[in-house]
Amino acid sequence: MIRPFRTLLASAPLLGALFFLPAQAHAADSLGDALSRLAPAADPKVIGLAVQAAECAQTQGGQPADRLAVIDYSKPSSQPRLWVFDTVNRKLLFQELVAHGKNSGDATATKFSNAPDSLASSLGLFRTSDTYTGKNGYSLRMTGLEPGVNDQAMARAIVIHGAAYVNEAMAKVAGRIGRSWGCPAVRTAIAHKLIDALKGGQMVFSYYPDKRWLTSSSYLKCTNGQLAKAEANVVARSGT
């Protein structure tokens with residue numbers, strides 16, 4: 001699970017969350033650094049923000065999570081821009097293409113919305129919920145944790161599901177994959193396994209360099225005091 005570490009990485013604000021490291025990891029090796037090495041095609045700053053946001057959610061009373069999905073919508077849809085990590089064992093589980101909403105952009109997403117019927121993707125931190133089988137097959141519901149940014153995700157039915165229009169052949173021919181109605185759709189071949197890896201309270205972080213969101217998101221500006229309090233709570237629960 002993602003847990004507070006005992007040393008604050010004060011010199012790296014984007015990776016400034018606190019984590020307990022697994023025994024096999026080097027003490028100076030932050031979770032953000034470790035995950036970035038597993039996914040060299042990903043922007044390490046984005047990985048760091050995702051780790052920071054997920055950790056912050058837990059300081060605010062959220063349940064522990066041991067899987068973290070990171071979507072970087074600043075990358076074109078023709079490139080893999082979804083990474084799913086096992087944060088306990090520090091493993092990369094998936095590196096995949098992922099669709100954005102029809103009204104978010106063409107080959108690259110540039111517009112995001114929280115509004116019903118916007119057919120656009122949403123940014124920010126989500127927590128996964130339950131699975132169901134609907135018109136898009138096996139799907140995973142998500143709860144948006146950021147008011148005004150993604151908190152309409154459940155009402156909008158923004159879910160992870162498989163889609164035939166997410167495929168490498170289309171990306172090569174058209175320069176982009178197909179677009180959804182706002183859902184982060186993935187290849188049908190891996191959808192079931194990816195959903196099973198993320199179901200039941202795991203974290204999903206969707207990124208774009210939107211200045212308003214980056215400066216206002218409460219999950220990207222946890223105070224040192226909050227993080228220290230979270231560490232104390234973890235120690236108290238463990239009885240050490």
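The model is predicted; local features need pLDDT of at least 70 and side-chain atom pairs count only at pLDDT 80 or more, while totals for chains, interfaces and linings use all residues. Residues are numbered from 1 along each chain as its sequence is written, and side-chain values use heavy atoms, with hydrogens and water left out.

Helices (H or I, at least four residues) and strands (E, at least two) are DSSP runs numbered from the N terminus, and two strands pair if DSSP finds at least two bridges between them. S1 runs antiparallel to S2 (residues 82-86), with 5 bridges, and Arg-67 has Asp-86 as its bridge partner in S2. S1 runs parallel to S7 (residues 203-207), also through 5 bridges; here Asp-72 is partnered by Tyr-207.

Rings of Phe, Tyr and Trp (its six-membered ring) pair if their centres lie within 6.5 Å; planes under 30 degrees apart count as stacked, over 60 as edge-to-face and the rest as tilted. The count by this rule is 4 aromatic pairs. Tyr-73 and Phe-112 form a tilted pair, because their ring centres are 5.7 Å apart and their planes lie at 45°. Tyr-73 is buried at 2% relative accessibility, whereas Phe-112 is partly exposed at 22%. Phe-112 also forms a tilted pair with Tyr-208, at 5.0 Å centre to centre and 45° between the planes.

How values were computed: Buried < 20%, exposed > 50% of the residue type's maximum accessible area, 1.4 Å probe, protein only.
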